[in-house]
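This briefing concerns a single protein model and is arranged by topic. Please consult the sequence and the coordinates alongside the points below.

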Amino acid sequence: MDRATMDADVVVAGGGAAGLMAAGRAAERGARVLLLEKMEGCGKKILVSGKTRCNLTNAADLKSFIAMYGPNGRFLHGAFSRFFRPELLAFFKRHDLATKVERGGRIFPVSDDARDVVRAFQKYLTQNSVRRLLHARVTSVTRRPDSLFAVETTGGRYLASSVILATGGASWPATGSEGDGYALSVALGHTIVKPRPALVPLVVREQALARSMQGVSLRNVRATAFQGEAGAIDRTLVPTCDYGRGQSKKPLPPLIESRFGEMLFTHFGLGGPIILLLSLAVVDALEQGPVSILIDLKPAVTPEQLGKRLQKDFNATGKRKIATIWKDYLPARMIDPLAALSGVDVNKQAHQVGAVERGKMIDALKALRFNIQAPLPHAKAIVTAGGVALGEIDPRTLASKKVPGLYFCGEVMDVDADTGGYNLQAAFSTGYVAGENAAAFATAKNRS
């Protein structure tokens, strides 16, 4: 193969986390690499990840790590066996980026500045002579009769022995992730698993109720998703433990997932950490029918214990108004909405409240109900679920099983995870392996 006829040995489409690693590693292995990025700069999504601090990876053990990707996590064993957290941290250390471990095993740059991560990659690419073209959107990739790839962009046409698609998903379009890679992959004969927004806030039918509590942030509550209308769910089905990715227990219908931690109310519905974790399961369940979420505001106590506590407070302060007593149980902005929901007059004195009204108060505190209308759109999601079908990709090399010389890495594939550094580790690991093997393919081809 005459290298003079080619613009590069390896063309990498996409300059995000996966693409940067892929380009650097391919060049490190001796390939002439051309990195194409449609934005004005590389690493745009890195810059906004982890609230601009960039949660690079996680300190969890490999088994727990894999579990965070759900059933598709098995696909990553090959990439992780070649390049995992120890290798990633060693990589950043070589490029002068110090890291630290925080709550939940999350690993960040010591500087708390995502720009330092991008700078480390810029140094990596410069050291290995990676050619970078910006404002270069890839519009098509075709394999010619001479087995070279022709990569068409808005700024020109480039020939290469091998191509790596690192175009990302369809979330955070302002960073360049607009789902470009799906059409490119389909044109090359690949199958796309339906892209869905993941780690995304949820819109509820009861928007007036949510809006009345807008901005209220809650800690130590449990949100549980169920298949079915909210009013039809028996609150005794709310579990006392988590169900979802990374958990060994499997839920029984109608329970979908359950998470304990922090959440918040928005003008459209529900947001915050535990809602984001539930969201993909909710999005998928909406395809099957109605989905509801029950929020246990007092998960540390049983309904019976809560009832006894309420009765004790009523007995001790019989002349206090309900509104005053509610303050011991709820944030101020939730008192009127929940009182209205339970049908209890906040101006009533405690001694006037009977067993039926007390029961309604308990239900409001232990099972605040919402019917889910939809997730927010892809543009508001942190990651995209779905993408190139994993059965069409070799997990050891990230090579296409359909097109020799084509490789995939990062979010364009049907791999996604919970928050905590897992998505970026998958991007870095698959980028490293794809880059290494694309370079090996191009080298072998050039010798033939």
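Asn-315 is exposed, because its relative accessible area is 58%, where exposed means over 50%, buried under 20% and partly exposed in between (1.4 Å probe, protein chains only). The model is predicted: local features need pLDDT of at least 70, side-chain atom pairs count only at pLDDT 80 or more, and totals for chains, interfaces and linings use all residues. Residues are numbered from 1 along each chain as its sequence is written, and side-chain values use heavy atoms, with hydrogens and water left out.

**Two asparagines**

- Asn-315 lies in helix H10 (residues 303-316); helices (H or I, at least four residues) and strands (E, at least two) are DSSP runs numbered from the N terminus.
- The side chains of Asn-315 and Gln-311 are joined by a polar contact of 2.8 Å, that is, a pair of N or O atoms within 3.5 Å of which, within protein, one must be able to donate a hydrogen and the other to accept it, residues adjacent in sequence counting only if both atoms are side-chain atoms.
- Between Asn-315 and His-351 the C-alpha to C-alpha distance is 7.0 Å, with 36 residues of separation in sequence.
- Asn-371, in strand E16 (residues 368-375), counts as buried because its relative accessibility is 8%.
- A polar atom of the Asn-371 side chain lies 2.8 Å from the backbone nitrogen of Ala-230.
- Leaving aside neighbours within four places in sequence, the residues in contact (heavy atoms within 4.5 Å) with Asn-371 include Val-203, Glu-229 and Ser-292.

**Nonpolar cores**

- The largest nonpolar core has 85 residues, with Tyr-69 and Phe-428 among those with the most contacts inside it; such a core is a set of buried Ala, Val, Leu, Ile, Met, Phe, Trp, Tyr and Cys residues joined through side-chain atoms within 4.5 Å.
- Helix H14 (residues 422-447) supplies the largest share of this core, 11 residues.
- A second, separate core of 47 residues includes Val-204 and Leu-365.

**Second largest pocket**

- The volume of the second largest pocket is about 730 Å³; a pocket is an open set of points on a 1 Å grid over the protein atoms alone, where a 1.4 Å probe fits, with protein on both sides within 12 Å along at least five of seven lines.
- Its lining (residues with an atom within 4 Å of a point) comprises 37 residues, and Tyr-69 and Arg-245 are among those nearest the centre.
- Helix H9 gives the most to this lining, with six residues.

Key: Grid points are joined across faces, edges and corners, and a volume is the space filled by probe spheres set on the points.
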